[in-house]
Amino acid sequence: MSGRQGYWQSVWREFKKNRLARAGLWVVLFLFLIAFMAPLIANNRPYIYVTDEKVFFPLFFEYPEFKDIDFRSERVPGFKLFPPVPYSYSEYDLDSIVSPPSLRHLMGTDEQGRDLAARMIYGARVSILVGFIAVFMYVLIGIIIGALAGYYGGWIDMLISRFIEIVICFPTFFLILTILALVGPSLTSVMVVIGLTGWTGIARIVRGEFFKIREMEFVQASRALGARDSHIIIRHVLPNALAPVLVSATFGIASTILIESSLSFLGFGVQPPTPSWGDILSQSRDFMDFAWWLTLIPGFAIFITITAYNLVGEGFQDAINPRSFRGNT
Amino acid sequence: MSGNHTPSTQAAVPPERGKAESPILSVRNLRIEFESTGATVFAVRGVSFDLRKGKTLGMVGESGCGKSVTAYSVLRLIQPPGKITGGEINYRGADILRMNPEDVRAIRGREIAMIFQEPMISLNPVFTIGFQISEAVMLRHGKDKKESRGIAVEMLTRVGIPDAEKRYRSYPHELSGGMRQRVMIAIALAASPSILIADEPTTALDVTIQAQILDLLMNIQRERDMSMLLITHDLGIVANTADDIAIMYAGEIVESGTVSQIFNAPMHPYTIGLFEAIPRIGESARRLRTIPGMVPSLTSEPQGCVFYPRCFRRADECRENPIPLVEKNSHLVRCVRA
Ligand SMILES: Nc1ncnc2c1ncn2[C@@H]1O[C@H](COP(=O)(O)OP(=O)(O)O)[C@@H](O)[C@H]1O
Ligand SMILES: [Mg+2]
């Protein structure tokens with residue numbers, strides 16, 4: 001009876017009580033920040049460059065006079081303020097190939113002398129991009145298909161359910177691998193293929209929720225008030241089906257990132273020079289016995305990311321269930 | 001079968017009422033079936049009743065008798081696997097069962113509104129109650145947001161919600177059951193319907209709250225000259241609120257008449273059983289008398305009286321033929337031994 005808070009606000013309150021979920025969310029936010037700011041964190045051009053009483057911002061603007069200049073060189077005089085990782089993800093430092101973490105290369109370098117820290121930071125972009133865009137695609141598809149089946153039932157549902165069963169029968173990973181082999185591997189095709197194949201779980205959830213919700217009295221009540229089908233679906237059924245979709249989507253992001261990593265590991269994913277954690281891991285195979293950082297760092301990043309998303313997903317799940325109107329509050 | 005009564009399976013209306021003002025809603029021979037894994041449940045079999053203008057008809061029967069599905073069918077709200085398989089529902093000269101869906105939709109809420117048993121789940125948990133009332137107002141009157149907000153607050157005040165301006169922004173889970181039912185009433189009345197169907201509106205509430213809600217319904221009904229179909233399993237509730245009563249058992253009307261006729265001279269053994277089940281002051285709930293046995297779910301057309309297995313007055317003749325609803329002592333009853 002007290003206070004005024006929305007359904008989502010109370011879900012959020014429950015969520016915040018869960019320490020692991022909160023930690024997971026921080027990790028996810030941190031990864032977002034890194035991915036979003038990647039060019040500001042890893043870059044071979046300085047934020048500020050002062051020479052001859054003039055101030056330049058090479059990282060933010062292009063200056064014709066500095067074209068092809070390496071600001072890090074001793075031969076470029078003046079004051080320079082570099083990002084924490086003063087390397088781009090694709091440049092070769094031929095002086096230090098497969099060198100362990102040091103002050104110069106915080107996470108070491110790979111077999112081509114590329115800075116691992118820079119590659120990890122840009123790799124975060126790929127994993128977030130793939131995770132979110134592919135999952136967004138399949139959530140949308142899943143909602144539409146599941147809603148059609150769940151709201152109309154009958155033969156429409158029959159048809160859709162059979163179709164879902166057929167799609168589920170394909171081993172997803174190999175299906176994706178086959179399609180990628182046909183259309184050619186790239187970041188876009190990875191996203192599209194995962195987006196087009198991953199919707200079955202969401203569709204099933206939405207279908208089930210619709211079956212449950214459309215029998216609920218507030219849907220009947222709305223119908224009794226003369227509301228149209230479209231109004232009922234959008235206003236009453238969907239908002240109530242959204243919570244479990246959100247949970248599943250969060251877990252979905254985790255597994256999509258894992259799929260992307262695996263695909264890139266196998267060479268079917270993101271193509272060089274775009275760095276992906278799976279790709280970095282794959283390159284490290286030849287040096288595994290001595291270049292521990294090349295295996296451990298991307299492996300750990302993947303592990304942490306997946307775990308973080310899963311913790312967030314579980315947190316949402318727990319937050320939604322006790323508060324649910326389905327139980328007695 | 002005693003021969004001095006004319007069998008009437010058609011109209012379940014006492015003659016003296018049929019002659020008076022024509023009813024606002026008149027249901028004839030309604031049949032509802034549920035198809036479930038091979039078997040067909042005959043949930044409602046030939047139900048007829050009249051709702052008089054500005055009056056309340058109390059429909060009483062135990063859980064599972066078919067009251068809700070009867071009520072839903074008035075607005076054609078029966079969902080598959082349920083199906084209306086026969087009958088007429090006449091409202092203002094038109095048969096609702098034969099209207100096109102758009103016309104039925106226009107009647108819903110505007111002409112005939114409905115409130116449900118569970119106020120806990122009759123409101124959408126993700127929206128404020130104000131939003132839901134305004135939505136109902138907008139849906140029906142096409143008014144703009146600001147105007148409908150004004151009407152919504154007015155309605156909330158009318159149904160006795162204190163501090164309506166503030167409550168407007170509350171979510172359903174922040175309100176008690178009684179308050180939620182008031183909100184449901186406000187929503188149902190938003191479009192000034194001429195008929196309100198209330199399906200067990202107080203069953204989920206505490207006794208004291210029950211009385212308040214019934215009072216509210218009665219006051220609004222009088223104020224607006226609205227007709228009401230009040231469904232309940234508790235005969236005690238209709239004593240003070242209803243004008244007419246229809247007793248329902250296993251998909252049939254077994255007795256119907258005015259409140260005084262039913263209360264002064266109940267004839268059907270089932271009605272008598274319901275009277276004995278009314279909780280009396282000083283009697284603990286544990287000692288409450290109930291009718292032994294259960295309401296059957298009929299998967300075939302019954303041979304004789306459906307109440308036979310539970311009846312204290314049963315005899316062999318009850319099992320022979322379908323029992324018609326006939327007039328005895330000036331009201332209708334479906335019992336050969338009454
Ligand atoms: N969704 C359904 N599926 C199958 N049968 C149903 C369904 N709803 C109602 N019925 C049948 O209709 C009968 C009457 O139900 P209902 O109208 O809800 O009873 P009441 O409101 O009097 O408690 C039930 O006993 C059941 O046999
Ligand atoms: Mg009921």
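Which residues are buried in helix 11 (residues 269–277) of chain B? Keep that in mind while you load the complex, which is a predicted model. The predictor gives it an ipTM of 0.81 and a pTM of 0.74.

**Stop 1: helix 11, chain B.** Select residues 269–277 of chain B. Pro269(B), Tyr270(B), Thr271(B), Gly273(B) and Leu274(B) are buried. Now show what these buried residues pack against, all within chain B. Two helices take part: helix 9 (235–241) and helix 10 (259–264). So do strand 3 (56–60), strand 9 (244–249) and strand 10 (252–258).

**Stop 2: confidence in chain B.** Colour chain B by pLDDT. The mean is 87, and 91% of the residues reach 70 or more. Then select residues 1–11 of chain B, where the pLDDT is below 50. Beyond near neighbours in sequence, this stretch has 19 contacts in the model. Where pLDDT is low, the predicted coordinates should not be read in detail.

**Stop 3: the domains of chain A.** Move to chain A and select 2–39 together with 116–328: this is domain 1 in the domain assignment. Domain 2 covers 44–82. The C-alpha centres of the two domains lie 42 Å apart.

**Stop 4: a sheet in chain A.** Look for an open sheet of 3 strands, with antiparallel pairing and the order 2-1-3. Strand 2 (54–56) and strand 3 (79–81) stand at the edges. Each has a single partner strand, so one side of each is left without a neighbour in the sheet. The twist averages 10 degrees from one strand to the next.

Finish on strand 1 (residues 48–51) of chain A, which 3 bridges join to strand 2. Pick Tyr49(A): its bridge partner in strand 2 is Phe56(A).

Definitions and conventions. Residues numbered from 1 in each chain as written. Chains lettered and ligands numbered in written order. Predicted model: local features only at pLDDT ≥ 70, side-chain atom pairs only at ≥ 80, totals over all residues. Domains from an automatic or database assignment. pLDDT = per-residue confidence, 0-100. Contact = placed C-beta atoms within 7 Å. Buried ≥ 20, exposed ≤ 12 C-beta atoms within 10 Å, placed from the backbone. Helix = DSSP H or I, 4+ residues; strand = E, 2+ residues; numbered from the N terminus. Pairing = 2+ DSSP bridges. Axes fitted to C-alpha atoms, helices over the stretch in contact; angles between N-to-C directions.
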